[in-house]
Amino acid sequence: MPDDWDGVYKRLFRDFPVEALRILCHVDADGAEVVAQPTEFTMKLRADGVFRVQPSDGAPFVVHVEVQRSPADDFELRLVRYWLAVTTEHGQPPLQVVIMPMGGPYAGRYEAGGLTLTYDVVDVTRLDPEVLRTSALAPLALGRHASAALVESVVAQIALATDDLDARATLVDLAMLGADDELTAWITDSMKRNDMSNVLERTAEGQALLARGEARGEARGEARGYATALRVLLVQKFGESTDLDAISDVLAERGFASGLQMIQDADTLADLPH
């Protein structure tokens with residue numbers, strides 16, 4: 001399953017805007033009205049996230065978020081273009097936050113000629129795991145060296161974070177970003193034990209598991225159909241026998257064309273695999 005880093009983080013800000021702004025952008029949005037803004041601009045730009053925050057006792061401000069998994073040669077130049085587009089659209093410069101799920105080289109300052117752009121940088125790998133573990137963003141506490149006990153704690157926190165199944169699925173997908181097979185298995189098993197299979201079904205990993213299961217089911221159904229047809233051919237050539245079910249099943253596993261050829265080449269049932 002490919003890891004959709006940008007997509008999952010966008011859903012995270014959609015489903016948990018206040019928590020994401022507070023923990024990932026260091027923006028205190030508690031009690032504020034947070035409204036997602038259009039992210040498409042002229043100049044062929046599409047930002048990862050733009051939010052207008054209206055505090056209960058202060059002036060509104062705009063936050064522009066970019067998720068950058070790995071370095072890119074033109075990334076900071078794109079930040080300049082985003083700054084110009086957002087400022088033009090909203091009439092005020094945004095707070096720009098670059099979120100690096102895997103860490104990275106950016107220092108928060110870009111200079112070119114007489115231009116200087118400053119922006120905030122958040123290295124997710126350096127966030128306090130204890131703060132994460134007790135928040136809606138608990139999956140980020142897993143990191144690369146999670147234990148089975150930590151997985152249990154995170155899954156429990158996901159259940160507490162929201163009753164919305166799709167929002168829970170967002171958190172599960174967040175937990176599985178970059179996860180190896182062992183961690184993915186721990187998360188999957190923990191969710192099943194905690195009666196969260198209905199959430200797992202909505203995740204990217206759950207959809208992949210379902211697709212693989214359907215594919216296996218289709219393959220089994222196809223093989224069963226082959227076996228039935230090959231058994232008819234066996235009866236026509238050799239007559240009825242108690243061995244035919246076993247022989248036709250073995251032949252079907254090798255494919256209909258191969259099984260048909262083996263029947264045609266065989267002189268007796270003993271010549272066929274059992």
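**Stop one: a strand residue**

Select Q96, which lies in strand β6. Helices (H or I, at least four residues) and strands (E, at least two) are DSSP runs, numbered from the N terminus. This is a predicted model, where local features need pLDDT of at least 70 and side-chain atom pairs count only at pLDDT 80 or more, while totals for chains, interfaces and linings use all residues. Residues are numbered from 1 along each chain as its sequence is written, and side-chain values use heavy atoms, with hydrogens and water left out.

Is Q96 buried or exposed? Q96 counts as buried, at 2% relative accessibility. Buried means under 20% relative accessible area, exposed over 50%, and partly exposed in between (1.4 Å probe, protein chains only). Leaving aside neighbours within four places in sequence, Q96 is in contact with H64, L79, Y82, W83, L117, Y119 and D120. Contact means heavy atoms within 4.5 Å.

**Stop two: the sheet**

Now show the strands. An open sheet of five strands runs in the order β1-β4-β5-β6-β9, with mixed pairing. Two strands pair if DSSP finds at least two bridges between them. The edge strands, β1 (33–36) and β9 (120–123), each pair on one side only. Neighbouring strands are turned by 25° against each other on average, direction ignored. Axes are lines fitted to C-alpha atoms, for helices over the stretch in contact, and angles run from 0 to 180 degrees between N-to-C directions.

Select β1 with β4 (residues 49–54): they pair in the antiparallel sense over four bridges. Pick V34; its bridge partner in β4 is V53.

Helix α1 lies across β4, β5 (61–67) and β6 (95–100), and runs at about 155° to β5.

**Stop three: cores and a cavity**

Select Y9, F13, L21, L24, I99 and I187. Of the 51 residues in the largest nonpolar core, these touch the most other members. Such a core is a set of buried Ala, Val, Leu, Ile, Met, Phe, Trp, Tyr and Cys residues joined through side-chain atoms within 4.5 Å. Helix α6 (residues 165–176) gives the most to this core, with seven residues. Another core, of 11 residues, lies apart from it; L230, L251, I263 and L269 are among them.

How many cavities of 30 Å³ or more are there? The count comes to two. On a 1 Å grid over the protein atoms alone, a cavity is a set of points where a 1.4 Å probe fits but cannot get out; lining residues have an atom within 4 Å of a point. Grid points are joined across faces, edges and corners, and a volume is the space filled by probe spheres set on the points. The largest cavity holds about 40 Å³ of space. Select its lining: Y9, K10, F13, D48, G49, F51, V65 and V67. Helix α1 gives the most to that lining, with three residues.

Most residues other than glycine have a negative phi. Select H26, in the loop between α2 (17–25) and β1. Phi of H26 is near 55°, a positive value in a residue other than glycine. H26 is exposed, with a relative accessible area of 57%.

Go on to D195, in the loop between α7 (181–193) and α8 (197–200). D195 has a positive phi of about 55° although it is not a glycine. D195 is exposed too, with a relative accessible area of 68%.

Note on methods:
1 Å grid on protein atoms, 1.4 Å probe; cavity = no way out; pocket = protein on both sides within 12 Å on 5 of 7 lines; lining within 4 Å.
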